[in-house]
Amino acid sequence: MPRSSPRGAPCNPQLNAKGELQHLLSIEGLPREILVQILDTAESFAGVTEREVKKVPLLRGKSVFNLFFEPSTRTRTTFEIAAKRLSADVINLNIAVSSQTKGESLLDTVANLSAMQADVFVVRHSSSGAPYLIARNVKPHEHVINAGDGRHAHPTQGLLDLYTIRYYKKDFSKLRVAIVGDVLHSRVARSLVHGLTTLGVPEVRAIAPQTLLPAGVQALGVHVFHDMREGLKDCDVVVMLRLQNERMNGALLPSAQEFFKNYGLTADKLALAKKDAIVMHPGPMNRGVEIDSAVADGAHSVILPQVTFGIAVRMAVMSIVAGNR
Amino acid sequence: MSLLIKGGRVIDPASGRDAVGDVFISEGFIANPTKERPKKTIDARGLVVAPGLIDLAARLREPGEEYKATLASEMDAAVAGGVTSLACPPDTHPPLDEPGLVDMLRRRAKARGRARVYPVGALTVKLAGERLTEMAVLAEAGCVAFSQANQPIADTRMLWRALQYAATFGYPVWLRAEDKWLSQEGCAHDGDMATRLGLAGVPPFTETIALGTMLQLVRATGARVHFCRLSTAAAVEMVRASKKEKLPVTCDVGIYYVHLSEMDLGYYDTQCRLDPPLRSQRDRDALAAGLADGTIDCAVSDHAPVDKDRKQMPFAEAESGATGLELLLPLALKWGEARGLPLAKTLARVTSEPARVLGVPAGRLEPGAPADLVVFDPKAPFLVTAAALKSQGKNSPFLGYELAGRVHATLVAGRVVHEQ
């Protein structure tokens, strides 16, 4: 039966016919129940990572391909650890320096790896939407996990941020969360915003100069502040974003120093947030650019626990998608 | 007399005629009724007989990009879509900046014997925006206008000089209003959808800032300028005002833009990667209304065949463009029906109006006019599939959709060039 125009809304490509998670591509569009399922599963894995034998056999015999079209150390490593703790075989491919330079297309690369019997593809790509293209072209038993695409989404980072917030703050329904810095180019910010709004956080703030905010960012459900002191007032959670080096001097910002002066998190500015506020950062940090060392290493900082939680969250995501057909 | 088209609903948008009757053709032209026995008769009962479509923007991809499409495939696609005249933008490889290339294109098109082809020459050498082309020589070779296709001139002084020079000799200039500095990194309308999808945006004022500059230069130079592919509501408003001011300007819109908006990007649908980008629903509605009230003179296919590999890419990397020659008629009908327009008025936007912009005698049905005709069924369903399209480019946002409007026969200069 031909579709009749106007073109209808396409169905959510990350859910299977039963509404279960087939791929993890973005937090946007995921129902609350799935987010909670992932966070609960991650919690059950948290114990595993503290045991002496840090392994469960959930993905024994399965192959996880880490497909990194963009360089990454931290995210790739945490995915690798997570897969190994689930007893999967992990194959790391640093494609940024192999086939792409030989001119092979993205889909050809994926088709070749698929012929090597993959079960899960963990994909990072510099182009927004690349994991969607891959997910549309893999076999039905293969799963795609987005490990960061362009400025679009970084759903496992968003989920580990949610996990961290839930761990320290318990109840999402009373929180005020501020996200500070380069929202325009940040996949971390987009994923976190969707997660927070889905889980019922009443107020999400974006604190940045106009040059670092995307058009119509309010439509994502955030309140915009240009003055950091005003924006941090009474916040429970402060999420600092990484500012890429190449964006520090040019049309977006005059200098790293001036950015730090206006939007760098110092103890002095943090004092405006709630007394028990937590400070988060997706890493890697630019000390002295977006965050002062005293704050990064201070009592409010939960930046290192975020990394630890990241492993449990990635175990949860991999075990859930691999279990769905 | 050589041919008779009998019993069809004859629609001539130029004169407003819309009645059942016969069309007589002799020696390649529409003729007065006569008692003479025709050599051939086409039974058009239950069908519409109208002037063939005139498409002001159809890329044939020759020379240089034969892997995307060939002159042969696209010329067949044109007449299958009822298009009997088409203008091709100069963005071939190499661009149409030398008379030899223009001449070759015209001769190859003529040899194929399908639609009439009107090359649009490059306004600047290699479309680089740095040096004027030899417009007189190009015009002699057959260029009907001069254009930068989708490559804006960044240097305003260069644009001014180009318009002055073209105006001196009365050459029409076809320009897309786009500020190069604002558009260079973007691939989607700078709005809610690009923000959600994490795509670099092209703000709407990319178009209006350039359009404002161009309108000032039209005032200063008196150049005849046709604005290609308007995409924003604000630009429609600016053209409306400049027409009121009696500036010598006309404009067109891509037929997809009166149907689609940024929302159609869905989950990175590269079929909707177009240049200019699909904009907001408000912009789309303003374009559809502007085309109806005549602010926008005509609709074009902006035909751009792209091979599958170049669409099977992440959105920002995918090549922009959609195939359109075979969808111009059904999509124009769909637009007209949605607005409740009489068929004659709908067809004017793809026949008599583009003929006026192009300055050719086709696009009407009165005796003496070239016998370029399309016979079609406006209600017959047409399922848009790769197999159904003659164009080598199968790239369309409407792939898989059913549209109404099926071409039965196409005639160019009285000769049947397509029949189904």
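Helix 4 (residues 156-169) and helix 7 (residues 205-221) of chain B pack at an angle of about 40 degrees, with their axes 10 Å apart. Helices (H or I, at least four residues) and strands (E, at least two) are DSSP runs, numbered from the N terminus. Axes are lines fitted to C-alpha atoms, for helices over the stretch in contact, and angles run from 0 to 180 degrees between N-to-C directions. This is a predicted model, in which local features need pLDDT of at least 70 and side-chain atom pairs count only at pLDDT 80 or more, while totals for chains, interfaces and linings use all residues. Residues are numbered from 1 along each chain as its sequence is written, and chains are lettered from A and ligands numbered from 1 in the order in which they are written.

| Helix pair | Angle | Axis separation |
|---|---|---|
| Helix 4 and helix 7 of chain B | about 40 degrees | 10 Å |
| Helix 1 (residues 32-46) and helix 11 (residues 303-323) of chain A | about 120 degrees | 8 Å |

Helix 1 of chain A is therefore oblique to helix 11 of chain A; angles under 35 degrees count as roughly parallel, over 145 as roughly antiparallel, 65 to 115 as roughly perpendicular and the rest as oblique. The crossing of helix 1 and helix 11 of chain A is right-handed, a crossing being right-handed if the near helix is turned clockwise from the far one by less than a right angle, and left-handed if anticlockwise. On helix 11 of chain A, the contact residues include Ala312(A), Val313(A) and Met315(A), where contact requires C-beta atoms, placed from the backbone, within 7 Å.

Chain A also holds an open sheet of four strands in the order 2-1-3-4, with parallel pairing. Two strands pair if DSSP finds at least two bridges between them. Strand 2 and strand 4 (143-149) of chain A stand at the edges with a single partner strand each, so one side of each has no neighbour in the sheet. From one strand to the next, the twist averages 15 degrees.

Strand 1 (residues 63-68) of chain A is joined to strand 2 (residues 89-94) of chain A by six bridges, and Phe65(A) stands opposite Ile91(A) there. Five bridges join strand 1 of chain A to strand 3 (residues 120-125) of chain A. In strand 3 of chain A, Phe121(A) is the bridge partner of Phe65(A), and Val123(A) is that of Leu67(A).

Note on methods. Two residues are in contact if their C-beta atoms, placed from the backbone, lie within 7 Å.
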